[in-house]
Amino acid sequence: MSQREGAKILNNNSFLDELQARLPGLNALQALGWASATVKHLTQYLDASGREHLAKYLPPTLIPIAQEAKKLAELLGNERPGDFFVMSALDAGSPPSKKGTRDTLATVMAVIRRCIPEQPAREIAKALPGDVAALWDAHPLAA
């Protein structure tokens, strides 16, 4: 499959469409990169219950990422990753939106959070470190 075909398939995903609309300047592959990096790093901070809540409600595009991240988190045990913001930006493999890295991550989290019912979303927030939880709750999006 060519990069153009891959981008076309990714762009047909409503989750990525919304993410691109909220992060002007990113193409579908870049938006997927940011979403994947965010899910990967969120998963590393969550316990088994939090990972289940997250994976259960993710858009289909991100479920394989969450499953892979879950395996890594289980392998590492209680070891925590490095700085969430730096590691997510590096793993995204693309430039942030014009708003910057933290705002890009907050926007990605807000779009992901819209997929999750309120109670599981609150449980996920409780498991995150303070600075990451603040981003999780930073940008509530209108429906």
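**View 1. Helix H4 passes helix H8 in a left-handed crossing.** A crossing is left-handed if the near helix is turned anticlockwise from the far one by less than a right angle, and right-handed if clockwise. The contact (heavy atoms within 4.5 Å) is made by Gly50, His53, Leu54 and Tyr57 of H4 and by Pro120, Glu123 and Ile124 of H8. By class, this contact of H4 with H8 has 4 nonpolar, 2 polar and 1 charged residues. Ala, Val, Leu, Ile, Met, Phe, Trp, Tyr, Cys and Pro count as nonpolar, Asp, Glu, Lys and Arg as charged, and the others, Gly among them, as polar. The axes of H4 and H8 come within 9 Å and cross at roughly 135°. Axes are lines fitted to C-alpha atoms, for helices over the stretch in contact, with angles from 0 to 180 degrees between N-to-C directions. H4 and H8 are therefore oblique to each other; angles under 35 degrees count as roughly parallel, over 145 as roughly antiparallel, 65 to 115 as roughly perpendicular and the rest as oblique.

The model is predicted: local features need pLDDT of at least 70, side-chain atom pairs count only at pLDDT 80 or more, and totals for chains, interfaces and linings use all residues. Residues are numbered from 1 along each chain as its sequence is written, and side-chain values use heavy atoms, with hydrogens and water left out.

**View 2. The buried residues of helix H8 (residues 118–127) are Pro120, Ala121, Ile124 and Ala125.** They cover an arc of only 145° around the axis, which puts them on the same side of H8. The arc is that of the directions from the helix axis to the C-beta atoms. Buried means under 20% relative accessible area, exposed over 50%, partly exposed in between (1.4 Å probe, protein chains only). The cover over these residues includes helix H4 (48–57), helix H7 (101–113) and helix H9 (130–136). Helices (H or I, at least four residues) and strands (E, at least two) are DSSP runs, numbered from the N terminus.

**View 3. Thr38 lies in helix H3 (residues 28–45).** Thr38 is buried, with a relative accessible area of 0%. Leaving aside neighbours within four places in sequence, Thr38 is in contact with Leu105, Val108, Met109 and Ile112.

**View 4. Leu26 sits in the loop between helix H2 (14–22) and H3.** At 6% relative accessibility, Leu26 counts as buried. Beyond neighbours within four places in sequence, Leu26 is in contact with Gln20, Ala31, Trp34, Pro95 and Pro96. Leu26 and Pro96 are 70 residues apart in sequence and 8.0 Å apart in space, C-alpha to C-alpha.
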